[in-house]
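Trainee: I would like to take a close look at one part of this structure, and I would be grateful for a careful walk through its strands.

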Amino acid sequence: MFASLLSLLQVLFLMVPEGVQPQPSPSPSGAVPTHSNVGPRTQGGTLQSSSEGTETPWAVPGTSTVGPNVVTPSAPGNGTVDVFPVLPICVCDLTPGTCDINCCCDKDCYLLHPRTVFSFCLPGSVRSSSWVCVDNSLIFRSNSPFPSRVFMDSNGIKQFCVHVNNSKLNYFQKLQKVNATNFQALATEFGGESFTSTFQTPSPPPFYRAGDPILTYFPKWSIISLLRQPAGVGAGGLCAESNPAGFLESKNTTCARFFKNLTDSCTLEPALNAASYYNFTVLKVPRGVSDLQNTKFQVPVTLVSQAGPPLLAGNTCQNVVSKVVYEIETNGTFGIQKVSVSFEQTNLTVKPSTSLQQHFIIHFRAFQQNTAAALSGPRSGNPGYIVGKPLLALSGGIKHSMTLLQSQGDGTCSVKRHEVQFGVNAISGCKLRLERVDCSRLQQKIYQTLDGGPRPEHVAIFGNADPAQKEEWTRILSRNCNVSDSQQETEVSLTTVVTFVDVTQKPEPPRGQPRVDWKLPFDFFFPFKVAFSRVDSQKGSVSPILTLCLLLLGVLNLETK
């Protein structure tokens with residue numbers, strides 16, 4: 001039994017992973033040498049001394065280990081001792097005659113224990129060796145050919161450690177010289193036609209997934225890029241050009257640009273030129289990058305509004321892009337089918353520190369073969385409204401979102417409007433600057449400001465109302481009020497209030513407990529019929545029968561109440 005155990009232990013000692021690479025370190029203060037702190041034992045029990053260095057023993061799982069307390073000989077007075085005789089080459093010894101920092105094999109350092117001075121040893125400057133330790137009580141006799149010792153750990157438990165000295169674990173080996181004699185043999189064994197990369201570029205996915213960046217291609221320069229949607233970052237909202245647009249993610253972003261010298265930037269800055277937003281094609285699906293010459297995988301960007309290039313005229317930079325709107329139509333896994341872009345442009349006055357605020361809108365919608373369905377506009381629910389979605393209105397047969405007033409920074413009425421959201425009560429207001437006009441025209445301007453463009457005539461009953469179906473819309477009741485205008489006033493305050501009232505008729509809750517619906521078997525009264533049929537023959541049994549009937553009726557009456 002002991003022989004089997006010893007064989008198993010010996011195998012454990014020899015099977016050391018190649019990745020184990022302990023670093024040399026001085027003896028821990030907790031390591032206490034014992035009388036058995038000796039070298040390898042022979043089978044006869046003879047003890048042999050060992051001169052192994054200061055490597056730290058490595059423990060097997062479940063055991064605690066400490067470094068061996070090894071007494072190393074002192075260096076001679078002339079300091080010429082060869083501390084590292086086993087390392088023929090010290091790759092980190094880069095400065096002759098000088099100690100290179102953290103180079104533990106540098107002979108110019110004259111360090112018996114480099115870790116006492118260096119924080120770490122550079123890779124390749126120490127031998128790779130390992131200690132394997134188990135509880136000493138498990139060992140009866142060691143047959144290991146490697147040096148072994150017994151140490152006392154900090155808990156007072158003796159640990160039997162074997163120092164594996166495997167040349168395969170060393171960083172350094174004797175280099176093989178290449179000459180004319182052995183070159184052909186080495187070339188046959190290690191040579192090849194060329195070096196080939198093991199890295200393989202993953203193939204692009206067959207179709208876009210939600211959130212994937214959209215690939216673009218510039219045929220003029222043969223460059224693949226991404227569709228960008230600049231967004232504001234930081235406290236100032238500066239434009240970040242690298243923000244990619246995500247597939248099926250309709251978003252609105254706003255950012256600011258500042259120009260120190262608008263005279264030069266007017267015609268040289270690509271962000272101000274409309275052409276930079278459509279001088280490329282969009283790949284229908286990602287796999288189109290594998291065949292860029294095949295135009296069937298590419299969709300051109302169609303310009304739907306006229307946009308001229310920036311032009312510097314005197315002190316004004318004209319045709320500057322202030323708003324970009326992309327309309328992208330998709331068809332499931334078949335990818336992008338159509339891309340169109342429209343612009344809004346403005347003029348900037350050339351002055352120091354000129355700023356521009358730009359708006360970028362990307363809207364995705366399903367590809368429609370007929371344009372009539374595409375012009376119906378987005379829904380706010382299907383069929384019922386979703387809380388927070390725009391309230392739909394109808395003006396002259398055109399569906400749009402109902403809006404309310406929005407003020408600028410100084411409190412005056414802005415041309416921009418807030419959308420009325422279903423189920424969300426809101427109040428907003430602004431100040432309207434008055435002009436010297438007659439009362440009727442002033443009143444008309446006030447109503448136009450309150451309505452915001454075309455006056456809404458109907459409101460959609462459902463979130464998916466079709467403008468062609470009049471029964472899906474309800475008329476808006478409006479009343480023009482008499483307004484006293486005074487020409488002495490320079491501005492008037494306008495206010496819009498939106499309130500939603502739930503008029504849903506809900507059923508009344510049930511009152512009381514439901515009544516019991518008694519169901520009796522069809523022959524329930526058969527015994528009573530038989531009993532009554534014998535009344536004439538048995539006069540004395542009438543009273544018990546009547547009593548039983550009254551009792552049953554009383555019980556049924558109590559149960560039904």
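In what order do the 4 strands of the open sheet stand, and is their pairing parallel or antiparallel?

Mentor: Please keep in mind that this is a predicted model. The 4 strands of the open sheet follow the order β18-β17-β22-β23, and their pairing is antiparallel. Strands β18 (398-401) and β23 (473-475) stand at the edges, where each has a single partner strand, so one side of each is left without a neighbour in the sheet. From one strand to the next, the twist averages 35°. Within this sheet, strand β17 (residues 392-395) is joined to strand β22 (residues 458-460) by 2 bridges, the two strands running antiparallel, and Leu-394 has His-458 in β22 as its bridge partner. As a general point, the strands of a sheet pair through backbone hydrogen bonds, either parallel or antiparallel.

To see both kinds of pairing, turn to strand β14 (residues 316-330), which runs antiparallel to strand β13 (residues 311-313) and is joined to β13 by 3 bridges. Ala-313 has Thr-316 in β14 as its bridge partner, and in the hairpin of β13 and β14, with 2 residues between the strands, Gly-314 takes a positive phi near 65°. β14 also pairs with strand β15 (residues 336-349) in the antiparallel sense, over 12 bridges, and here the bridge partner of Val-320 is Thr-346 in β15. These two strands, β14 and β15, form a hairpin with 5 residues between them, and Gly-332 in the turn has a positive phi of about 60°.

Terms used: Residues are numbered from 1 along each chain as its sequence is written. This is a predicted model: local features need pLDDT of at least 70, side-chain atom pairs count only at pLDDT 80 or more; totals for chains, interfaces and linings use all residues. Side-chain values use heavy atoms; hydrogens and water are left out. Two strands pair if DSSP finds at least two bridges between them. Axes are lines fitted to C-alpha atoms, for helices over the stretch in contact, and angles run from 0 to 180 degrees between N-to-C directions.
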